[in-house]
Amino acid sequence: MYRILVLQGPNLNRLGKREPSHYGTKTLEEIHREIESMGHKEGFLPVFFQSNHEGAIVDRIHASGEDGTDGIVANFGAYTHTSVAIRDAVLSVGHPVVEVHISNVYRREPFRTKSLFSDIAAGTVGGFGPVVYRLGILGLLDLLERKKPGTTSP
Ligand code: DQA
C-alpha cells in the first residue's frame, strides 16, 4: 500500500474561515477526512502534516525520506513563492512531489505566479478548490504505478 504524505503549509489550518472567496468553506479537517475515505477506496495510506513554520516543514520532508513515504502531495502555501530551504529539502529526498493550490494563483496577485517548486514537481494541480488534493493524489498514484519495477509503460 502506498504511503502518501499530505503536506500543508502556513495558514492552511485556517481553511473554512480564511478568505472563502479564494479557498471555499471546507475546513482542513473535512478535506483530510475526504482524502482518508479516498484512501480506503483506492488503497493508499495518507499521512497528514500541517505547519506554519518553514523549519518544521523542512524537517518533515527530511523524515519522509526515511519513513517509507512513497510520494508527497503538498500545498506549500505562501512558501511556494519564497522558500529555497523547502525546495532544497524536496530535492534531498528521492520520492516524487505533487504541488497543489486550492486557488488559481494565475488569477491573483502577480507575485503568486512564481513557484519555486513547479520545475521540480512531478506535476501541479491548481484552481479547482479543495478537490485539488484528490486530483493530485490520483496523478501521484498513477505515476507510482508506472514507476513500479517491471512496469514498461511511459
Ligand atoms: C495557496 C496559494 C498561495 O499563494 C497562498 O499563499 C496560500 C494558498 C493555494 O492553495 O491556493 O496560502 O497555495
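Biologist: How do the residues of the shell around the ligand divide into nonpolar, polar and charged?

Modeller: This is a predicted model: local features need pLDDT of at least 70, side-chain atom pairs count only at pLDDT 80 or more, and totals for chains, interfaces and linings use all residues. Residues are numbered from 1 along each chain as its sequence is written, and side-chain values use heavy atoms, without hydrogens and water. The shell has 4 nonpolar, 5 polar and 2 charged residues. Asp, Glu, Lys and Arg count as charged; Gly is among the polar ones.

Biologist: Which residues are around the ligand?

Modeller: Among them are Arg-18, Tyr-23, Asn-75, His-101, Ile-102, Ser-103 and Arg-112. A residue qualifies if one of its heavy atoms lies within 4 Å of the molecule.

Biologist: Why is Lys-17 called exposed?

Modeller: Its relative accessible area is 63%. Exposed means over 50%, buried under 20%, partly exposed in between (1.4 Å probe, protein chains only). So Lys-17 counts as exposed. Lys-17 lies in the loop between β1 and α1.

Biologist: Which residues of helix α3 are buried?

Modeller: Ile-57, Val-58, Arg-60, Ile-61 and Ser-64. Seen down the axis of α3, they fall within an arc of 165°, so they line one face of the helix. The arc is taken from the directions from the helix axis to the C-beta atoms.

Definitions and conventions. Helices (H or I, at least four residues) and strands (E, at least two) are DSSP runs, numbered from the N terminus.
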